[in-house]
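Subject: Model handover and findings

Hello,

Here is the model you asked about. Please load it before reading on.

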Amino acid sequence: MALDEAARVVAEQLNGRTVATAESCTAGRLGSSLAAVENAVDFYRGTLVAYQEEIKRSLLAVRAESVFSQEAAEQMALGVRELLGADAAVATTGVVGGEPQDGVPPGTVFIATVVDGAVSGDRHRFDGEPDEICEQASERALRDLAAALARVIA
């Protein structure tokens with residue numbers, strides 16, 4: 001599933017809900033994909049690209065020991081949902097290239113979703129150049145959000 005198709009699926013499954021994104025390693029790809037969906041103004045609240053640790057901590061209330069962790073991704077999702085007043089949110093944080101950070105190897109991305117208060121997430125491993133990892137992680141984040149929305153609807 002391509003990134004634009006994944007964004008359309010999320011839009012279809014929102015069922016009147018609004019959505020926001022908090023992005024670190026994907027650097028705005030989720031937000032730009034959702035904004036490109038027809039009638040995005042009806043459901044898309046916005047995105048916060050929190051690339052640096054201090055932004056994650058100050059704006060999204062990340063308290064996890066490492067910002068490269070599942071706990072941090074979950075706190076980012078909860079933080080952006082509250083900050084932007086959305087019903088659902090998805091967040092990404094991880095290491096896409098270079099050297100390991102806090103013991104987390106490059107290609108590792110943590111994705112978290114929150115829909116109607118239900119938080120879920122997972123650690124993912126992607127291969128390729130940093131740009132390819134960002135693209136794969138963005139698509140996976142939107143697929144994870146669509147799956148979380150489907151679970152709440154069911």
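Predicted model: local features only at pLDDT ≥ 70, side-chain atom pairs only at ≥ 80, totals over all residues.

Residues are numbered from 1 along each chain as its sequence is written, and side-chain values use heavy atoms, with hydrogens and water left out.

**Overall fold**

The chain has five helices and five strands. These are DSSP runs, numbered from the N terminus: helices are H or I with at least four residues, strands are E with at least two. In sequence order the pattern is α-β-α-β-α-α-β-β-β-α. The radius of gyration is 14 Å, close to the 15 Å of the globule rule for 154 residues, so the chain is as compact as a globular protein of that length. That radius is taken over C-alpha atoms, and the rule is 2.2 Å times the number of residues to the power 0.38. The C-alpha trace spans about 40 × 30 × 25 Å along its principal axes.

Of the 154 residues, 51% are buried. Buried means under 20% relative accessible area, exposed means over 50%, and partly exposed lies in between (1.4 Å probe, protein chains only). Take the contacts with a separation of 6 or more: 62% of them come from residues 24 or more positions apart. A contact here is heavy atoms within 4.5 Å.

**α1 and α5**

Helix α1 covers residues 3–13, and its buried residues are L3, A6, A7, V9, V10 and A11. They pack against α2 (29–35) and α5. Helix α5 runs over residues 130–153.

α1 and α5 pack at about 20°, with axes 9 Å apart. Axes are lines fitted to C-alpha atoms, for helices over the stretch in contact, and angles run from 0 to 180 degrees between N-to-C directions. The two helices are therefore roughly parallel. The cut-offs: under 35 degrees is roughly parallel, over 145 roughly antiparallel, 65 to 115 roughly perpendicular, and the rest oblique. The crossing of α1 and α5 is left-handed. That term applies if the near helix is turned anticlockwise from the far one by less than a right angle; clockwise is right-handed.

On the α1 side, the contact uses L3, A6, A7, V9, V10 and Q13. On the α5 side, the residues include L142, L145, A146, L149 and I153. By class, the contact has twelve nonpolar, two polar and three charged residues. Ala, Val, Leu, Ile, Met, Phe, Trp, Tyr, Cys and Pro count as nonpolar, Asp, Glu, Lys and Arg as charged, and the others, Gly among them, as polar.

**α3 and α4**

Helix α3 (residues 53–60) and helix α4 (residues 70–84) pack at about 50°, with axes 9 Å apart. That angle makes α3 and α4 oblique to each other. α3 passes α4 in a left-handed crossing. K56, L59 and L60 of α3 meet Q75, M76, G79, V80 and L83 of α4. The contact of α3 with α4 has five nonpolar, two polar and one charged residues.

**Positive phi**

Most residues other than glycine have a negative phi. Some residues to check:

- N39 is not a glycine, yet its phi is positive at about 65°. N39 lies in the loop between α2 and β2 (44–49). With a relative accessible area of 47%, N39 is partly exposed.
- D102 has a positive phi near 50°. D102 sits in the loop between β3 and β4. Its relative accessible area is 57%, so D102 is exposed.

G107 is in the loop between β3 (88–95) and β4 (108–115). At 0% relative accessibility, G107 is buried. Leaving out residues up to four places away in sequence, G107 touches V95, V96, H124, R125, F126 and I133.

P130 lies in helix α5. P130 is partly exposed, at 36% relative accessible area. With residues up to four places away not counted, P130 touches V96 and G97. P130 and T26 are 104 residues apart along the chain, and their C-alpha atoms are separated by 9.8 Å.

Regards
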